[in-house]
Amino acid sequence: MKNISFSPPDITTNEKNRISEVLNSGWITTGPTVKRFESRLAKYCGTQNTVCLNSATAGLELILRVLGISDGDEVITSAYTYTASASIIAHTGAKIVLADTKNNSYEMDYDKLSSLITPKTKAIIAVDIAGVICDYNKLFNIVNYKKSCFVANNPYQEAIGRICVIADAAHSFGATQDDKISGSIADFSVFSFHAVKNLTTAEGGAITWNKALPFDTEALYKEFMLLALHGQDKDALTKSQAGAWEYDIKCLGYKYNMTDIAAGIGIAQLSRYPYFLAERHTIIKQYNNAFAGTNIEFLAHVGENYRSSGHLYLTRITNIKEEKRNKFIQKMAEDGIATNVHYKPLPLFTAYKNLGFDIKDFPNAFNQYQNQISLPLHTKLSADDITYIIENYIKAVKEV
């Protein structure tokens, strides 16, 4: 029997050499390697600037902070996502507003989204699940249509002139839509470089923003960095220069910076990223071909105007519910195959129930979840592994 992990990191001597270089440089916290990584990410995404942080969660929260979102404001996100998309809204003091998904979809129901918008709505956080970019054309149409009820209370909000569209792009680094790459489409986008992501820095994340926005991009970059480093107006590298020890605390900021060690891993991963994307899509094709014509539904990663990052392979088994789905997961585990569920809708969790959310108000999200199983999809899988997963999954579907 095999032992197939769900999503191990793909680490080679390339990454190890980069880590050694950073360690030997004598500079391991935020410094020149982070700046190089930011520059390369910005070039890859076609943006003017990128801010590297210690997580995507930090990135989402800092965007809300920069936008001045706080008590009395509302931010909309999907009920079908990981908690990080929503918890950061509560951290600012704003109200979490959850949207149900469309029927048989992982994306928010755009047709019903307008009804959730009020004069208190300051942002919408859309979620690029599995690396498939959301329909941002529809989202921009919605927020532009609702401009008349938008009330700005911050200079950045005034500059945007409407509800801000934020991409939780934790899954979609490298994905494309309408010849645009993730990170350059929404007003702001946030990537995750967590250990299980396509590109990893062990822990980490990054913010990008649309270069069409009427911002002083250098001033915005400095504001993000100020918030990410305790509100300190000099980073450690600047302070280390001869006689430059003195600094000011401009605001009560946070500790969200990325280290040079993490950025070194990221630079190595980015150099290999075209290979990662190609391998993931090769595996996706093998899965798709094997499951075509069965009662195993799968998310489309390629369409007429889009190509995903291939982060997760999401399947659904038709006409089953939670109890039987969980038996499939157990059967696959017994065969040495790690699977997962993406995602348990937020209203099913205690913390969100305590906020007043009820899963009965999100029927499409629940129906999407109750028969969903994610299969291993990563560059450490061998051809034999993929065949083994396919054969055992089809067998389990027939037997359980």
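Student: Is helix H10 mostly enclosed or mostly open to the outside, and how many of its residues are buried?

Tutor: Keep in mind that this is a predicted model. In H10, ten of the twelve residues are buried, so the helix is largely enclosed by the rest of the structure. Among the buried ones are Asp260, Ala263, Gly264 and Ile267.

Student: What covers those buried residues of H10?

Tutor: The cover includes helix H1 (13–25), H2 and helix H11 (273–291). You can see the H2 side of this through Thr33, which sits in helix H2 (residues 32–45). Thr33 is in contact with Asp260, Ala263, Gly264 and Ile267, and also with Val22, leaving aside neighbours within four places in sequence. Thr33 is itself buried, because its relative accessible area is 7%.

Student: How far apart are the end C-alpha atoms of H10, and what span should we expect?

Tutor: Count 1.5 Å a residue, and the twelve residues of H10 (residues 260–271) should span 16 Å. The end C-alpha atoms are 17 Å apart, which agrees.

Student: Now the nonpolar cores. Which residues have the most contacts inside the largest one?

Tutor: The general idea comes first. In soluble globular proteins, nonpolar side chains tend to be buried together. Here the largest nonpolar core has 58 residues, and those with the most contacts inside it are Leu67, Ile166, Phe188, Ile207, Trp209 and Phe224. Helix H3 (residues 56–66) gives the most to this core, with seven residues. A second, separate core of 42 residues includes Val34, Cys45, Phe140 and Ala167.

Student: What does Leu67 touch?

Tutor: Not counting residues up to four places away in sequence, Leu67 touches Ile166 and Phe188, and also Asn153, Asn154, Tyr156, Gln157, Ile160 and Cys164.

Student: Where does Ile359 lie, and is it buried or exposed?

Tutor: Ile359 lies in the loop between helix H13 (350–353) and helix H14 (363–370). With a relative accessible area of 18%, Ile359 is buried. Its contacts, not counting residues up to four places away in sequence, are Pro345, Pro347, Leu348 and Phe366.

Student: Last topic: how many cavities are there, and what lines the largest?

Tutor: Rolling a probe the size of a water molecule over the atoms shows where empty space is left. The count here comes to three cavities of 30 Å³ or more.

Terms used: Residues numbered from 1 in each chain as written. Predicted model: local features only at pLDDT ≥ 70, side-chain atom pairs only at ≥ 80, totals over all residues. Heavy atoms only, no water. Core = buried A, V, L, I, M, F, W, Y, C linked by side-chain atoms within 4.5 Å. Buried < 20%, exposed > 50% of the residue type's maximum accessible area, 1.4 Å probe, protein only. Helix = DSSP H or I, 4+ residues; strand = E, 2+ residues; numbered from the N terminus. Contact = heavy atoms within 4.5 Å. 1 Å grid on protein atoms, 1.4 Å probe; cavity = no way out; pocket = protein on both sides within 12 Å on 5 of 7 lines; lining within 4 Å. Points joined across faces, edges and corners; volume = space filled by probe spheres on them. Expected span 1.5 Å × (residues − 1).
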